[in-house]
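Subject: Structure handover

Hello,

Here is the structure I said I would pass on. Please open it next to this email and follow the residues as you read.

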Amino acid sequence: MKKPIINFYRLLRITGVFSLGLLFLASCDDDDNGGDMPDPEPTQNIVEIAQGDDRFEVLVDALGSADLVTALSGAGPFTVFAPTDAAFEALIASTDGVDELEDISQASLTQILQYHVANGKVLAADLMDGQTVPTLFSGNSLTIGVSASGVTVNGADVVAADVEATNGVIHIINEVLIPDGFVIELAPQTIAEIASGNESLSLLVDALERVPSLLDAAGDETATLTVFAPTNDAFAALLTTLTDATGNTFEGLDDVPDYVLERVLEYHILGSAKTAAELADSEETLEGSSISVDGTVINGSANVVADLVDISASNGVVHVIDAVLVPSFILNSLNTVLEPAIFDAEGRFTTLVAAVETAELAGALTDADATLTVFAPTNDAFTAYIDASDFADASELLASDMLGDILLYHVLGATVPSSAIVEGASSAPTLYEDDDEDEIGEVVYISNNGDDGIFLNGGPQVIIADLEEGNGVVHAINGVLVPPMNSITEIVVASAGADAPEFTLLLAALQTADDTDSDLVELLDGDGTYTVFAPTDAAFIAAGFADVAAVEAADPATLRSILLYHVVQGAVFSTDLASGAVTTVGGGDITVNVADPVTIADLNADSADATVTSVNILATNGVVHIIDQVLLPE
């Protein structure tokens with residue numbers, strides 16, 4: 001029995017499979033000693049063996065990426081020449097553009113792995129020098145080398161052989177095998193990865209990082225986008241243009257407000273993937289407006305870089321361009337009264353900007369031939385207005401039919417810097433037009449209180465003055481101006497009919513006093529401008545008028561005299577009030593004491609002073625302040 005053992009040992013030595021020979025020798029020795037120890041049958045398939053061996057972590061990942069796990073877990077049998085992790089690391093290090101396995105395209109990775117698999121179970125003892133082994137990569141075979149130094153496959157060493165599995169056998173090799181002439185294709189990169197890998201697009205990447213939602217979209221494998229990618233030189237030219245146009249210094253992208261940057265970036269992105277040949281003459285962008293396409297020229301000025309067109313990405317197409325595209329809404333705002341709101345560094349006017357765009361008023365505000373004054377509410381001002389109104393949120397306000405009227409009520413048709421606003425009370429016509437031909441209700445009332453500030457309609461204050469632009473001036477304000485819709489009389493009538501009425505007895509008094517020669521209801525509904533200190537129902541009751549019947553039973557002339565004693569000529573807002581005597585329409589004086597609270601004394605020594613409980617209820621013909629006592633003339 002010894003000679004056969006020696007011959008087979010030599011064969012094992014020739015094939016380099018020492019481990020198998022030693023096992024066989026041990027087996028024969030056991031036979032000589034009467035032992036009986038056959039090799040155990042394998043219990044795991046090829047994939048399971050690889051998964052349990054820490055030398056094949058990369059191979060296991062590769063099988064998953066190439067979707068070959070199921071195939072190599074099947075019945076087979078297969079022969080697998082399995083590269084170690086070190087073998088894969090060497091391939092990655094030697095392949096340009098590959099830093100990790102994921103950088104190889106799935107198609108190339110699948111073909112490479114198929115090139116390591118043969119149908120059938122071929123043990124090391126069955127291999128012969130010069131033998132070719134067809135692989136699962138169709139049309140490609142492996143070449144076996146057998147020599148005194150061991151077994152090779154395409155020149156790669158077999159470092160361990162005959163690892164048997166339930167569905168075949170594994171031979172471990174120290175290189176990843178690549179067919180002659182095979183070109184490893186790189187996995188398509190996302191748009192974000194393409195931009196990150198191009199030094200000339202580094203500013204684009206910086207810009208995208210400022211807008212996380214767009215950066216996420218550019219890196220989303222499931223997205224389908226077309227991106228016109230401006231070069232660094234293009235962004236540098238934009239900064240120069242903005243500096244020249246606005247008078248502000250734009251040294252870098254950090255100086256571009258978030259709102260502007262986001263809209264500019266959105267203007268470079270289409271919601272579908274299109275090569276240059278597929279682009280239409282006009283394409284709608286994510287920003288909402290369209291770009292024009294004429295061959296390789298975008299918007300008549302930006303050129304697609306010749307050798308950087310149709311860059312394929314895993315989530316779309318990239319075209320590199322030599323200029324930054326700017327939406328017309330932003331471009332046309334430069335050096336106009338719309339510019340301060342759009343380019344505010346702190347983004348305090350984004351609601352106003354959205355409102356202007358929604359109401360389609362940008363054209364009027366960017367008219368170079370116009371002369372305008374804009375009172376610009378901040379975002380906080382709009383929030384406060386919405387909270388105090390019937391609007392549920394900003395979107396409901398933007399959808400309102402009132403939006404255009406509200407905005408136009410903030411605009412004067414002349415340039416009025418703060419230096420031109422006279423000290424004290426004044427008014428100015430706005431671009432808002434009500435339904436009346438007499439223009440009542442179309443003015444805004446201005447209170448210039450010197451060092452104490454400038455106020456509008458007794459409420460909103462100018463917080464930033466004199467932002468001068470080519471077609472006017474902008475004053476930022478901390479409140480929203482709402483054009484009046486009702487006259488003084490209509491306000492009284494509406495309150496009297498409300499669920500919690502305040503002016504039931506006041507309305508009865510006005511109607512009763514109309515029995516005299518002059519109609520007070522008509523007076524307070526007409527063309528004049530008045531200030532009314534309006535007593536509540538509780539005030540009338542305290543004055544001895546228990547109910548409507550008591551008011552109607554009173555002398556009309558007496559009621560007229562009392563009511564006119566509550567009316568002052570002109571619009572006097574809380575910001576205009578000063579301590580001292582004020583002459584009423586009825587002829588007598590009332591005495592105002594500006595304190596906290598504001599009180600009013602009449603000429604009747606027995607009367608208690610009235611407290612002003614609510615102020616600045618704007619009417620089309622003046623203003624109403626609510627008081628808690630009826631004022632009585634002498």
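Which residues are linked with R210 in a network of salt bridges? The network consists of R210, D254 and D258. Please keep in mind that the model is predicted.

Salt bridges

Side chains of opposite charge can pair when their charged atoms come close. Searching the whole structure gives 9 salt bridges. One of them joins the side chains of D254 and R210, with 3.9 Å from N to O. D254 sits in the loop between helix 11 (232-246) and helix 12 (258-266), while R210 belongs to helix 9 (residues 202-210), so this pair ties together parts that are 44 residues apart in sequence. The two partners can also be described by their accessibility. D254 has a relative accessible area of 70%, which means that D254 is exposed. For R210 the value is 26%, so R210 is partly exposed.

E287 is in the loop between strand 10 (282-284) and strand 11 (290-294), and R263 is in helix 12, so the pair ties together parts that are 24 residues apart in sequence. Are E287 and R263 buried or exposed? Both are buried.

R263 also meets the side chain of E357 in a salt bridge, at 2.7 Å from N to O. Here the link is between distant parts of the chain, with R263 in helix 12 and E357 in helix 15 (residues 350-358), 94 residues apart. R263 has a relative accessible area of 9% and therefore counts as buried. E357 is partly exposed, because its relative accessibility is 31%.

Aromatic pairs

A pair of aromatic rings is described by the distance of the centres and the angle of the planes. How many aromatic pairs does the structure hold? There are 6 aromatic pairs. In one of them, the ring centres of F250 and F343 are 6.2 Å apart and the planes are at 80°, so the pair is edge-to-face. This pair too links distant parts of the chain: F250 is in the loop between helix 11 and helix 12, F343 is in the loop between helix 14 (339-342) and helix 15, and they are 93 residues apart. F250 is buried, at 7% relative accessible area, and F343 is buried as well, at 9%.

F540 and F545 make another edge-to-face pair, with 5.9 Å centre to centre and 70° between the planes. F540 is buried with a relative accessible area of 2%, and F545 is buried with 14%.

Helix 9 and helix 12

Two packed helices are described by the angle between their axes and the distance between the axes. The axes of helix 9 and helix 12 cross at roughly 115° and come within 10 Å. The crossing of helix 9 past helix 12 is left-handed. On the side of helix 9 the contact is made by L204, A207, L208 and R210, and on the side of helix 12 by D258, L261 and L265. Sorted by type, the residues of this contact are 5 nonpolar, no polar and 2 charged.

Regards

Key
Residues are numbered from 1 along each chain as its sequence is written. Side-chain values use heavy atoms; hydrogens and water are left out. A salt bridge is a side-chain nitrogen of Lys or Arg within 4 Å of a carboxyl oxygen of Asp or Glu. Helices (H or I, at least four residues) and strands (E, at least two) are DSSP runs, numbered from the N terminus. Buried means under 20% relative accessible area, exposed over 50%, partly exposed in between (1.4 Å probe, protein chains only). Rings of Phe, Tyr and Trp (its six-membered ring) pair if their centres lie within 6.5 Å; planes under 30 degrees apart count as stacked, over 60 as edge-to-face and the rest as tilted. Axes are lines fitted to C-alpha atoms, for helices over the stretch in contact, and angles run from 0 to 180 degrees between N-to-C directions. A crossing is left-handed if the near helix is turned anticlockwise from the far one by less than a right angle, and right-handed if clockwise. Contact means heavy atoms within 4.5 Å. Ala, Val, Leu, Ile, Met, Phe, Trp, Tyr, Cys and Pro count as nonpolar, Asp, Glu, Lys and Arg as charged, and the others, Gly among them, as polar.
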